[in-house]
Amino acid sequence: MPKTIKNKIKLFFKKIVLIRTGVKIANNVVFSGCEFKGCAVIEPYCRLSGDPKISIGNNFYINAFCHLLGNITIGDDVMIGPKTVIWGRDHGKEMGLPMKQQPHSKADIVISDDVWIGANVTILKGVKIGKGAVIGAGAVVTKDVPEYAIVVGNPARVVKYRNQ
């Protein structure tokens with residue numbers, strides 16, 4: 001049996017086990033190194049690659065065509081819009097070595113509880129997003145986001161807070 005068929009069978013049974021715990025994973029989703037702590041919905045064409053682990057809280061929703069890579073911790077009640085990229089590593093930029101041969105640098109990403117991340121957002125390594133924050137569509141998040149902040153733009157900046 002070819003390796004791809006074995007992987008499809010393993011994935012099928014993994015999905016069956018997850019469905020029993022309240023995790024719904026659509027077709028054409030690739031995931032590895034993920035830990036689900038409650039119910040979750042993963043829409044089609046998402047790729048979640050824990051490096052080493054993606055820890056996902058309860059009542060999680062991720063829309064289609066998203067890509068998560070790295071050591072990522074996601075809290076409860078988090079929503080992620082379509083085509084979002086959350087990337088926990090980067091290439092080095094030192095002189096004297098071709099870019100393709102540069103070593104990766106990694107940093108953890110933490111997304112706290114009750115966060116809404118809009119469509120086409122990019123979140124880079126080492127970022128912590130505070131509780132209750134809203135990340136506007138198309139934002140590029142390169143620095144920490146305070147609790148209850150609404151951030152937009154490239155690079156993302158605070159425009160107001162949810163309690164105002």
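How many strands and helices does the chain have? The chain has one helix and 18 strands, where helices (H or I, at least four residues) and strands (E, at least two) are DSSP runs numbered from the N terminus. The structure is a predicted model, in which local features need pLDDT of at least 70 and side-chain atom pairs count only at pLDDT 80 or more, while totals for chains, interfaces and linings use all residues. Residues are numbered from 1 along each chain as its sequence is written, and side-chain values use heavy atoms, with hydrogens and water left out.

The C-alpha trace spans about 55 × 50 × 20 Å along its principal axes. Accessible areas come from the Shrake-Rupley method with a 1.4 Å probe, and for residues only the protein chains shown count as cover. Of the 164 residues, 36% count as buried (buried means under 20% relative accessible area, exposed over 50%, and partly exposed in between, with a 1.4 Å probe and protein chains only). Among contacts with a separation of 6 or more, 15% are accounted for by residues 24 or more positions apart, a contact being heavy atoms within 4.5 Å.

Helix α1 covers residues 3-20 and contains Ile-5. Ile-5 counts as partly exposed because its relative accessibility is 39%. Together with Ile-9, Phe-12 and Phe-13, Ile-5 makes a nonpolar surface patch of about 390 Å². Patches are made of residues with over 30% relative accessible area and no salt bridge, with like charges joined within 9 Å and nonpolar side chains (Val, Leu, Ile, Met, Phe, Trp, Tyr) within 5 Å; a salt bridge is a side-chain nitrogen of Lys or Arg within 4 Å of a carboxyl oxygen of Asp or Glu.

Two loop residues are buried. Gln-102, in the loop between β9 (89-91) and β10 (104-106), is buried with a relative accessible area of 6%. Not counting residues up to four places away in sequence, Gln-102 touches His-91, Gly-92, Lys-93, Glu-94 and Leu-97. Ser-112 lies in the loop between β11 (109-111) and β12 (116-117) and is buried at 14%. The side chain of Ser-112 makes a polar contact of 3.4 Å with the side chain of Lys-128, and a polar atom of the Ser-112 side chain lies 2.9 Å from the backbone oxygen of Ile-129. A polar contact is a pair of N or O atoms within 3.5 Å; within protein, one must be able to donate a hydrogen and the other to accept it, and residues adjacent in sequence count only if both atoms are side-chain atoms.

Lys-160 is located in strand β18 (residues 157-161). Its C-alpha is 6.1 Å from that of Ala-149, 11 residues apart in sequence.

Backbone geometry was also examined. A cis peptide bond joins Asp-51 and Pro-52, with omega about 10°, and Pro-52 lies in strand β4 (residues 47-56). Another cis peptide bond joins Asn-154 and Pro-155, with omega about -5°. Asn-59, a residue other than glycine, has a positive phi near 60°.
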